[in-house]
Amino acid sequence: MADTLFTNVRILDGSGAVQPYSGSVLVSGNRIRQVGRSTAAIAPGNATVIDGAGATLMPGMTEAHTHFSWNDAATLAAIQTMPLEEHVLWCAKTAGRYLQAGFTSCLGAACAKPRLDVVTRNAIDSGQIPGPRYLAASQEISVPGALGDETLPHLPFPEFSFGVNVTGAEHMRQVVRMFLKYGVDSIKLNLSGDNFVPHAPADTTWMTDAEVAVAAEEVKMRGKRILVHARSCASVKQALRHGIDLIYHASFSDEEMLDMMEARRDRVFVALFRSPGIAILYAMLHEAEPWGITRAQATQMGYQIEWDAAIETLSKMHKRGIRVLPGGDYGFAFTPHCQNARDLEFFVKYLGHPLGHVVRRPDHDAPARTGAGEGRLSRRPVAGGRRPAGQPGHPARPQAHPGGDEGRAVCQGAAAGGAAAMGARGMSTARSHRRCSLPLGGTARSAQGAT
Ligand SMILES: [Zn+2]
């Protein structure tokens with residue numbers, strides 16, 4: 001079993017402590033064998049030695065809302081119409097960048113063509129391409145007129161649509177079964193609208209209970225997941241009524257919705273997960289002008305109202321102990337890929353999460369859902385780590401990164417004591433190209449290291 005010794009690193013162990021300590025880490029196969037609190041603490045023996053040059057070594061991070069196939073474009077149409085061949089290559093390259101950026105687990109949240117996520121996941125799993133452990137999603141499933149329906153009256157062809165449009169319960173069953181046949185891990189439903197599309201704003205709700213119920217029935221039968229795009233309050237309640245436990249956005253709330261969420265958290269420890277995706281709201285308001293969207297226009301589109309509502313909802317959720325994961329909607333021109341760790345900064349700055357909570361957060365909450373242990377970088381057995389169905393094991397694959405703007409080395413699959421979500425584990429030494437404004441002082445680049 002090959003050994004790798006990381007020396008001269010500052011260890012941020014994911015325990016919640018915000019100050020890293022200097023040391024060395026010995027990895028044997030896909031297990032951490034030893035953690036030393038000084039650089040000279042571990043004899044290298046036959047191990048391959050990687051000099052971390054003082055960089056921070058931390059558990060691999062988890063991105064709960066990933067779209068490898070979003071191609072950093074400014075419109076849904078520009079994402080959708082990328083030719084298939086280029087699109088496959090884009091996804092492969094993007095997967096590798098996430099790993100280099102320190103993300104060792106990603107949960108696919110929808111892709112732009114039916115099999116892009118499945119093919120990317122399979123290529124990662126077979127070792128064809130580098131990438132994080134990945135759960136493959138379907139395309140967005142929507143209904144005519146809602147978010148994801150990009151067809152035009154004179155061009156009613158599914159190939160021109162960002163999502164797959166269904167009408168009625170049996171049509172939903174047919175589409176869900178098609179994606180399950182393709183081998184997805186998750187089915188994505190667009191329950192609410194989105195201010196990104198003028199015809200279906202964020203506070204509107206679109207799918208019937210009959211359609212959602214059929215999707216839930218089919219997915220449950222196959223032991224897979226449903227993910228929902230649910231910004232409106234009614235759409236979140238709809239998801240909860242149907243037992244859907246991975247909710248994206250949930251910007252708008254009322255007391256009844258928060259009570260429903262809290263009750264669900266108490267009943268099952270399989271906790272309720274939601275990934276707010278607030279970076280896209282922030283970017284649309286403050287950083288979209290180069291693409292023609294001024295602050296005034298963004299406000300008119302409803303982004304200020306949604307930002308205010310989302311901050312209020314998320315703060316209330318935090319107080320009620322409802323679990324929230326970082327992640328969301330990177331892959332647009334305004335929120336390009338590999339800025340993802342910016343979410344950690346947002347959690348501290350706008351949502352009032354303690355810093356210590358945030359630096360352990362990417363790995364802390366998610367394992368609860370799968371029964372894995374906490375996300376710490378330590379020497380201990382990882383029997384508690386559990387893979388989701390269909391996720392084959394990975395050997396540890398340390399990958400030196402030849403400079404550039406992302407992590408220096410990422411060890412995919414190295415066990416960090418149950419370090420990451422969705423049953424995946426990993427660790428990274430990371431270097432940031434986007435400076436963090438968290439009050440971490442000398443450790444700043446670790447918290448934001450995944451960017
Ligand atoms: Zn998304």
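**View 1. The hairpin of β2 and β3.** Strands β2 and β3 form a hairpin with two residues between them, and Gly-29 in the turn has a positive phi of about 60 degrees. This is a predicted model, in which local features need pLDDT of at least 70 and side-chain atom pairs count only at pLDDT 80 or more, while totals for chains, interfaces and linings use all residues. Residues are numbered from 1 along each chain as its sequence is written. Helices (H or I, at least four residues) and strands (E, at least two) are DSSP runs, numbered from the N terminus. Five bridges pair β2 with strand β3 (residues 31-36) in the antiparallel sense; two strands pair if DSSP finds at least two bridges between them. Look for Ser-24, whose bridge partner in β3 is Gly-36.

**View 2. Strand β1 beside β2.** Here β1 and β2 run antiparallel, joined by seven bridges. Most residues other than glycine have a negative phi. Asn-8, however, is not a glycine and has a positive phi of about 55 degrees. Asn-8 has 18 C-beta neighbours inside 10 Å, so it counts as partly exposed. A residue is buried if 20 or more other C-beta atoms lie within 10 Å of its own, exposed if 12 or fewer, and partly exposed in between, with C-beta atoms placed from the backbone.

**View 3. Leu-12 in its loop.** Follow the chain into the loop between β1 (3-11) and β2 (21-28), and you will find Leu-12. Is Leu-12 buried or exposed? Leu-12 is buried, because 25 other C-beta atoms lie within 10 Å. Leu-57 is 45 residues away from Leu-12 in sequence, yet their C-alpha atoms are 6.0 Å apart in space.

**View 4. The open sheet β6-β7-β8.** Three strands form this open sheet, in the order β6-β7-β8 and with parallel pairing. β6 (61-66) and β8 (133-135) stand at the edges with a single partner strand each, so one side of each has no neighbour in the sheet. Neighbouring strands of this sheet are turned by 15 degrees against each other on average, direction ignored. Strand β7 (residues 103-108) runs parallel to β8, and three bridges join them. Leu-107 has Leu-135 as its bridge partner in β8. Helix α2 lies across β6, β7 and β8, running at about 135 degrees to β7. Axes are lines fitted to C-alpha atoms, for helices over the stretch in contact, and angles run from 0 to 180 degrees between N-to-C directions.

**View 5. Where α2 meets α3.** The axes of helix α2 (residues 84-100) and helix α3 (residues 116-125) come within 10 Å and cross at roughly 50 degrees. That makes α2 oblique to α3; angles under 35 degrees count as roughly parallel, over 145 as roughly antiparallel, 65 to 115 as roughly perpendicular and the rest as oblique. From α2, the contact is made by His-87, Val-88, Cys-91, Ala-92 and Ala-95. The α3 side brings Leu-116, Val-119, Thr-120, Ala-123 and Ile-124. Residues are in contact if their C-beta atoms, placed from the backbone, lie within 7 Å.

**View 6. Strand β11 and its neighbours.** Strand β11 (residues 186-190) is mostly covered, with five of its five residues buried. Ser-186, Lys-188 and Asn-190 point one way from β11, while Ile-187 and Leu-189 point the other way. Strand β9 (residues 137-142) pairs with β11 in the parallel sense over three bridges, and Ile-141 stands opposite Leu-189 in β11. Strand β12 (residues 225-230) pairs with β11 over five bridges, also in the parallel sense. Leu-189 has Val-228 as its bridge partner in β12.

View 7. Helix α11 (residues 342-349) has seven of its eight residues buried, so it is largely enclosed by the rest of the structure. Among the buried residues of α11 are Arg-342, Asp-343, Phe-346 and Phe-347. The loop between α10 (303-320) and α11 holds Cys-338. Phi of Cys-338 is near 75 degrees, a positive value in a residue other than glycine. Cys-338 is buried, with 23 other C-beta atoms within 10 Å.

Note on methods
Contact = placed C-beta atoms within 7 Å.
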